[in-house]
Amino acid sequence: ADIRSIEILFDKGLLELAKRQISKSKKIAEAYEEFLPLYELLKWELRIINSQAFSAGSETELGSLYKQADDCLEKALNANQYAFFSDTVYLRIRKFGFFRNESEFRKFSKLMKHPLLASEEKAASSEAKYYFHSSHIGFSELHADYKSAYRHNKQILGYLESHPSIIRKQPRQYLTMLQNMLVWQYQLKQFREALESVEKLKLFVLQQKNA
């Protein structure tokens, strides 16, 4: 809807209003890490500069906008790569369940040795970080390593709770991670922590109902 409004303003020659709308929309896209919409907004910003015969922008500004656009595409691609790893792991779980033997485990372990899954540092956004840990949770689940699943689940929850805008964007994701945490805490016999998670879960559900 924002892109369409910008396009209408641009077609009418209302460039200052279009730039204001772009600025407002960029702040929202940045807060929610919406990289592809942000890329489109940056391209509109560049289109306006172009339409003004480059009279309104400096070479430095132009370079900065193109750099930001490149960065958006790189982050979107990075998140897509991590999503592939996560989906592959959970496809394995849904179709085949737990590993039946050691050779099966070693074969699938090759996926988890990919350089991108070696460290969270290569995950360039909150979405990529989520899929990084999600991949490890699924793999841990496949060979019943509940301590590892718990550790990665806790990392996701910590990250989400420090980024409220991401929780607002995808509340179901946060709800799922809270529910999963209960599973690992039960498996590890962390019953006191599980009760705390139940209370956190109840509070979050109530907040969502009243939102």
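The model is predicted: local features need pLDDT of at least 70, side-chain atom pairs count only at pLDDT 80 or more, and totals for chains, interfaces and linings use all residues. Residues are numbered from 1 along each chain as its sequence is written, and side-chain values use heavy atoms, without hydrogens and water.

## Other ring interactions

The count of aromatic pairs comes to 9. Ring pairs also join Tyr82, Phe84, Phe85 and Phe132 into a cluster.

Over the ring of Phe108 sits the charged end of Arg92, 5.9 Å from the ring centre; the rule requires CZ of Arg, or NZ of Lys, within 6 Å of the centre and within 35 degrees of the ring normal.

## Nonpolar cores

A nonpolar core joins buried Ala, Val, Leu, Ile, Met, Phe, Trp, Tyr and Cys residues through side-chain atoms within 4.5 Å. The largest has 34 residues, and Tyr82, Val89, Phe108, Leu160, Tyr174 and Met177 have the most contacts inside it. Elements giving two or more residues to this core include helix H4 (59–96) and helix H6 (126–142) (helices are DSSP runs of H or I, at least four residues, numbered from the N terminus). H6 supplies the largest share, 7 residues.

Apart from this core lies another, of 19 residues, including Leu9, Ala29, Ala69 and Cys72.

How values were computed. Buried means under 20% relative accessible area, exposed over 50%, partly exposed in between (1.4 Å probe, protein chains only). Rings of Phe, Tyr and Trp (its six-membered ring) pair if their centres lie within 6.5 Å; planes under 30 degrees apart count as stacked, over 60 as edge-to-face and the rest as tilted.
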